[in-house]
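Have a look at the picture first, then read on.

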Amino acid sequence: MGDLRKRLLFLLGALIVFRIGAHVPVPGVDAGELAKSFLNSEGSSGGIVGMLNLFSGGSLQRFSIFAIGIMPYISASIIIQLVAEVLPSLKTLKKEGEAGRRKLTKYTRWATLCLAIVQSSVVIAALYQPSIVTVSRGEFVISAIVCLVTGTMFLMWLGEQMTERGIGNGISLLITAGIVAALPGAIDQLLSFAKENSRIPAVLFVLLGGLGLIYVVVYIESALRKIPVHYARRQLGNRIVQGQKTHLPFKINMAGVIPPIFASSIILFPSQIIGWLGKSADNNPAIEFISANLTPNKPMYSVLFAVAIVFFCYFYTALVFSPREMAENLKKSGAFVPGIRPGGQTSSYLEKVVTRLTLFGALYITIICLIPEFVTGVLGVPFHLGGTSLLILVVVTMDFGTQVASYRMNQQYEHLMKKNSSRKSLSQ
């Protein structure tokens with residue numbers, strides 16, 4: 001229990017550092033004028049900027065050192081994983097175990113640095129206004145790029161430390177912490193809207209619908225497709241071990257929260273760039289059309305977002321699950337699926353099952369992510385905690401609870417093993 005307590009305390013300390021950094025502003029910015037500009041440009045901080053601000057835990061609105069958040073790292077991870085499926089050299093690295101993983105991690109870090117420089121430059125170009133910036137343009141650009149890039153690299157390092165020395169996935173926990181930090185403000189904005197506009201029934205419907213979606217997410221994330229597996233009777237030394245019956249558990253959503261996070265990182269930032277270009281372009285019809293339609297609650301955005309989610313569901317599931325490898329492991333251990341021949345037929349059967357589950361999982365994630373945006377858009381209720389944020393919040397929380405319980409069980413098992421070994425040594 002002592003080690004678990006240390007890990008949880010380290011995790012808490014890392015999250016506190018993250019929240020403190022989210023309030024450290026970049027030098028040379030007038031915070032009051034920035035907040036006014038932010039609200040005026042996006043209508044109560046909604047739209048694309050509101051979603052980016054939500055993922056960064058409000059850092060974008062304050063233009064803190066964590067303003068661009070962890071999104072460059074996520075985008076770099078997507079790029080490296082996609083390229084690793086195409087380039088033979090990187091594909092070979094994936095099969096080299098720990099040494100190959102370290103090299104891929106190194107490439108991901110360099111890609112994160114490059115993307116952070118590009119993204120911070122675009123954010124600075126869009127933000128720069130004489131009324132907001134209190135220093136010279138050159139001084140502001142240099143200092144802001146250094147601060148934003150350093151902030152992103154620090155978050156990347158912090159997330160890796162949380163994964164290694166804490167509990168759960170550090171990057172997912174940082175994103176979840178940002179969403180949780182935005183919850184009080186979103187609820188306060190929703191209640192103020194209900195009082196000022198006498199829209200209490202619509203607000204209640206949104207809140208109850210959110211609770212219903214949470215129930216659906218918990219129910220589906222807990223559901224399993226169990227494939228029966230039989231172990232043949234075999235001989236170990238001088239004794240015969242009877243055959244056993246067990247099952248292989250497959251989740252409906254095997255990809256977890258990765259698809260909506262990847263889809264958001266792919267769509268949100270490019271659409272923001274297009275929006276900024278649309279403001280500066282001189283009556284360019286193409287840019288104006290894209291910037292007007294590639295925003296939440298628009299058909300073009302919804303379709304692209306849904307397609308990206310489905311793609312990443314299949315892509316990430318293919319990365320983490322290999323039916324051929326699992327079939328070979330079952331065959332080596334003397335196990336088989338009833339009615340299915342070991343080897344190639346078992347591999348084909350498992351692939352068919354996982355493909356069907358991934359289809360249902362992709363549809364489920366897409367519906368959960370799009371329904372809140374559609375409902376709030378129809379009702380005209382300004383509640384920017386969308387389906388993607390809700391899904392990330394619930395799934396990461398469930399996964400964190402599961403990992404804590406699993407870690408506690410392992411610690412208890414190791415404690416019992418130590419006691420048993422000490423008793424044997426004393427008896428001898």
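Axes are lines fitted to C-alpha atoms, for helices over the stretch in contact, and angles run from 0 to 180 degrees between N-to-C directions. Helices (H or I, at least four residues) and strands (E, at least two) are DSSP runs, numbered from the N terminus. This is a predicted model, in which local features need pLDDT of at least 70 and side-chain atom pairs count only at pLDDT 80 or more, while totals for chains, interfaces and linings use all residues. Residues are numbered from 1 along each chain as its sequence is written, and side-chain values use heavy atoms, leaving out hydrogens and water.

Start with a pair of helices. The axes of H1 (residues 2-21) and H9 (residues 170-197) come within 11 Å and cross at roughly 60°. That makes H1 oblique to H9, since angles under 35 degrees count as roughly parallel, over 145 as roughly antiparallel, 65 to 115 as roughly perpendicular and the rest as oblique. In contact (heavy atoms within 4.5 Å), Leu11, Leu15, Phe18 and Arg19 of H1 meet Leu173, Leu174, Ala177, Gly178 and Ala181 of H9.

Now for the sheet. Three strands form an open sheet in the order S4-S1-S5, with antiparallel pairing; two strands pair if DSSP finds at least two bridges between them. S4 (245-251) and S5 (335-336) stand at the edges with a single partner strand each, so one side of each has no neighbour in the sheet. Seven bridges join S1 (residues 224-231) to S4.

| Helix | Strands touched | Direction |
|---|---|---|
| H14 (residues 323-332) | S1, S4 and S5 | about 170° with S4 |
| H15 (residues 344-379) | S1 and S4 | about 170° with S1 |
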